[in-house]
Amino acid sequence: MNKRAKRPDMNNGVLYVGVDVHEKESQLAVLEKEGALISEERIPTKDLRRFISSLPGEKRVAIESVGFIHPIYKKLSSIDDCTVSVANPNKLRLISGSSTKNDRNDARILGDLLRTNYLPLAHMRDEETREKLFVVNDRVAYGLRRGELRGTIRWLLKRRGIEVEKPFSEEGRKKLRELRLQEIETRLGELELVESTVERLDDQIRDIVSKDGRAKLLDTIPGVAPYTALFLACVLDDIDRFPDSKHACAYLGLVPWLDETADTTRLGHITKKGDKWLRRNLVECARVAVRKDPHLNEFYSRLSRKRGERKALIAVARKLVSYAYWILKRNVTYEGLHPWNDP
């Protein structure tokens, strides 16, 4: 059972509410400005808005980001005299590490971090951007499934000692069906269904990009196709939230981790923070970009001789993100940016 503190007069000052959100029930901790615990409640998640609305005066609410946070955030944000902050779960774990982790402690920690202005905030995209990102995420999921099915078919052929040259070409698929193997035909049927979905999503993405000014600008970067342009535009979102291009690259995990103590500075591998599928996609875009753009090719060739191909490709991907930052910041195309002349 939850312990509930005796509720004093709450008519004065700001109330800080930490909410540990779960699908069915959520745990709340209500605190005063000085940190005194006013009450702890466990209520159905569907009743969060009603309960917080019943609290008097100004309310500041902290909730941790979960997969279904947006409808909850929207409902709570509509409450009068209520400011809602969504915590970044990755940074929150670093700050609030506890050996006694439970819902009550989590709610109390959220309230305390908000009260002391130490709550690490998550970026909340608007509804239109989220809808575009849902389309992109679907494209990621079906692209991965397509790769899995192709890999499975290759493995089934190898297991039987069957060689089919270019098995996914028109001629190759014809040969696969002539084998009359149920396990191959089943996967091939699913593969064709997935491929048709990928084509439909690609058409939808191209249509969205044609109407989205920001994504259309990013589509002018060498090696960046509409899919990546929309993906990058949605993930970066409000470009003014990054003070410079280095912060944008760090947000996508394309900068090396730094270990700096006293007089010693060590750089490691890239941090791999942020969306891993976008990061991988940018590295693949870098492969195309170095073939299309002579300036990027010169940069890649020079660096690959010193550091190797993989590190050079990551460096090119980082450059693409830097270009994207300044393209969105200045509202110009890649050609209009003249990045090869811009220090």
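Guide: Let us begin with one pair of residues in this predicted model: Val 19 stands opposite Ile 63 in β4.

Visitor: In which sense do strand β1 and β4 pair, and over how many bridges?

Guide: Strand β1 (residues 15-20) runs parallel to β4, and 5 bridges join the two. β4 also pairs with strand β5 (residues 82-87), again in the parallel sense, over 6 bridges. Here Glu 64 is the residue opposite Ala 87 in β5.

Visitor: What do β4, helix α2 and β5 make together?

Guide: With helix α2 (residues 69-77), the strands β4 and β5 make a β-α-β unit, and this unit is right-handed.

Visitor: How many of the residues of strand β4 are buried?

Guide: In a regular strand, the side chains alternate between the two faces of the sheet. Strand β4 (residues 59-64) is mostly covered, with 5 of its 6 residues buried.

Visitor: How is an aromatic pair described?

Guide: The distance of the ring centres and the angle of the planes describe it. The whole structure holds 4 aromatic pairs. One of them is formed by Tyr 227 and Phe 231, which are stacked at 6.2 Å centre to centre with 25 degrees between the planes.

Visitor: Why are Tyr 227 and Phe 231 separated by about one helical turn?

Guide: Because they are 4 residues apart in helix α9 (residues 226-236). Tyr 227 is buried at a relative accessible area of 17%, and Phe 231 is buried at 0%.

Visitor: Which charged end sits over the ring of Tyr 227?

Guide: That of Arg 139, 4.7 Å from the ring centre. Elsewhere, Arg 241 lies over the face of Tyr 251, 4.5 Å from the ring centre.

Methods
Residues are numbered from 1 along each chain as its sequence is written. This is a predicted model: local features need pLDDT of at least 70, side-chain atom pairs count only at pLDDT 80 or more; totals for chains, interfaces and linings use all residues. Side-chain values use heavy atoms; hydrogens and water are left out. Rings of Phe, Tyr and Trp (its six-membered ring) pair if their centres lie within 6.5 Å; planes under 30 degrees apart count as stacked, over 60 as edge-to-face and the rest as tilted. Buried means under 20% relative accessible area, exposed over 50%, partly exposed in between (1.4 Å probe, protein chains only). A charge sits over a ring if NZ of Lys or CZ of Arg is within 6 Å of the ring centre and within 35 degrees of the ring normal. Two strands pair if DSSP finds at least two bridges between them. A crossover is right-handed if, with the strands pointing away from the viewer, the path from the first strand over the helix to the second runs clockwise.
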